[in-house]
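Please find below a short note on the model, arranged as numbered points.

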Amino acid sequence: PHGRQRRVYTQRDPLLGVISAITPFNHPMNQVAHKIAPAIATNNRMVLKPSEKVPLSALYLADILYEAGLPAPMFQVLTGDPAEIADEMLTHPAIDLVTFTGGVPIGKYIASKVGYRRVVLELGGNDPLIVMDDADLDEAAELAANGSYKNSGQRCTAVKRILVHDTVADDFIERLLGRTRAWRHGDPADEAMDMGTVIDETAARLFEDRVNAAVAQGARLLHGNQRQGASYSPTVLDGVRPDMTVVREETFGPVSPVIRFSTLDEAIAIVNGTSFGSSSGVCTNRLDVITRLVSELQVGTVNVREVPGYRLELTPFGGIKDSGLGYKEGVQEAMKSFTNLKTYSLPWPA
């Protein structure tokens with residue numbers, strides 16, 4: 001009864017301090033835009049540290065924003081050795097919020113350091129593409145190849161595991177192999193290439209080692225696993241088991257490991273059997289299967305007949321478990337994170 005004579009409203013106010021943003025090497029312009037655009041839209045100040053491997057995009061974007069009229073104190077880019085500057089980005093008393101996109105170990109380190117302030121973590125993934133027995137196999141193979149190899153597989157939502165129903169696995173693999181063999185890779189400066197290098201030779205060696213280890217444990221190498229420096233070829237593995245490192249951990253490169261399953265229960269258990277929970281894709285036309293996967297997969301996103309990485313800029317995006325704390329990114333969700341919600345009430349006679 002006491003609520004009848006008042007109206008309650010809310011508004012979002014900017015944070016009082018500074019947003020500390022740290023971005024990774026992959027998508028070096030896009031990742032920065034995902035941080036700074038919501039900060040500008042909510043009238044917040046931001047200090048950003050791009051990956052030391054790819055700082056130039058962030059510096060270039062800052063110059064463009066200054067030319068467009070953004071006051072310099074609203075956005076500063078800080079470059080340098082993370083060992084020297086990272087802790088200051090996390091613990092400075094002026095900081096209200098830390099937003100980080102990157103790997104799990106660093107994300108957990110950040111969570112342990114930030115203390116009594118907000119933190120938004122968008123971390124790694126081990127994203128599955130589930131191919132059911134009723135799937136359009138040509139469509140599924142196309143999604144698998146694109147999801148595995150675009151951007152050299154260096155995306156938290158790249159296809160990192162391909163779960164295929166036993167009854168269609170052989171046919172699917174033939175289609176995937178055809179698309180993989182046609183995927184042109186090599187010099188990233190050559191516009192005829194579909195895929196260039198990975199970020200560095202250390203990463204390429206890691207993929208090579210994990211694939212070799214899987215083969216030694218019984219997986220079958222059907223294509224690829226060729227490395228030259230930082231160039232690593234699109235690679236297809238069959239007979240992969242969920243306990244193999246290549247699929248148990250996040251393999252952040254152009255590898256397509258195929259895991260066969262026989263029942264939907266088994267597929268769900270495999271997907272949920274890692275510490276990650278970022279996104280997923282499923283190829284099926286059955287609504288009962290879709291309903292179960294949406295309800296039971298321990299992930300932040302389920303995309304039907306699309307790659308796990310599908311999203312729009314306004315789409316809420318983010319994972320659970322080791323992939324994040326459940327807070328979402330995407331422009332609208334980031335704006336919510338970057339603001340304080342204020343409630344006020346007014347007299348409102350009936």
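1. The model is a predicted one, in which local features need pLDDT of at least 70 and side-chain atom pairs count only at pLDDT 80 or more, whereas totals for chains, interfaces and linings use all residues. Residues are numbered from 1 along each chain as its sequence is written, and side-chain values use heavy atoms, with hydrogens and water left out.

2. An open sheet of mixed pairing is formed by 7 strands in the order β9-β12-β13-β8-β7-β15-β16, where two strands pair if DSSP finds at least two bridges between them. Helices (H or I, at least four residues) and strands (E, at least two) are DSSP runs, numbered from the N terminus. At the edges of the sheet are β9 (220-223) and β16 (303-304), each of which pairs on one side only. Within the sheet, β12 (residues 235-238) runs parallel to β13 (residues 255-261), the two being paired over 3 bridges, and Thr-235 has Val-255 in β13 as its bridge partner.

3. The structure holds 4 aromatic pairs, a pair being rings of Phe, Tyr and Trp (its six-membered ring) whose centres lie within 6.5 Å, with planes under 30 degrees apart counted as stacked, over 60 as edge-to-face and the rest as tilted. One of these, Tyr-9 with Tyr-344, is stacked, at 5.6 Å centre to centre and 20° between the planes. The pair links distant parts of the chain, since Tyr-9 lies in strand β1 (residues 6-14) and Tyr-344 in strand β18 (residues 339-347), 335 residues apart. Tyr-9 is partly exposed because its relative accessibility is 28%, and Tyr-344 is likewise partly exposed, at 34%; here buried means under 20% relative accessible area, exposed over 50%, and partly exposed in between (1.4 Å probe, protein chains only).

4. The count of salt bridges comes to 24, a salt bridge being a side-chain nitrogen of Lys or Arg within 4 Å of a carboxyl oxygen of Asp or Glu. Among them, Asp-13 and Lys-342 meet at 2.8 Å, N to O, and this pair also links distant parts of the chain, with Asp-13 in strand β1 and Lys-342 in strand β18, 329 residues apart.

5. Another salt bridge joins Lys-113 to Asp-87, the closest N and O atoms being 3.7 Å apart. This pair connects helix α4 (residues 104-113), which holds Lys-113, with helix α3 (residues 82-91), which holds Asp-87, over 26 residues of sequence.

6. Arg-305 and Glu-139 form a salt bridge at 2.9 Å, N to O. Arg-305 lies in the loop between β16 and β17 (320-321) and Glu-139 in helix α5 (residues 137-149), so the pair ties together parts that are 166 residues apart in sequence. Arg-305 is partly exposed, with a relative accessible area of 37%, and Glu-139 is partly exposed at 24%.
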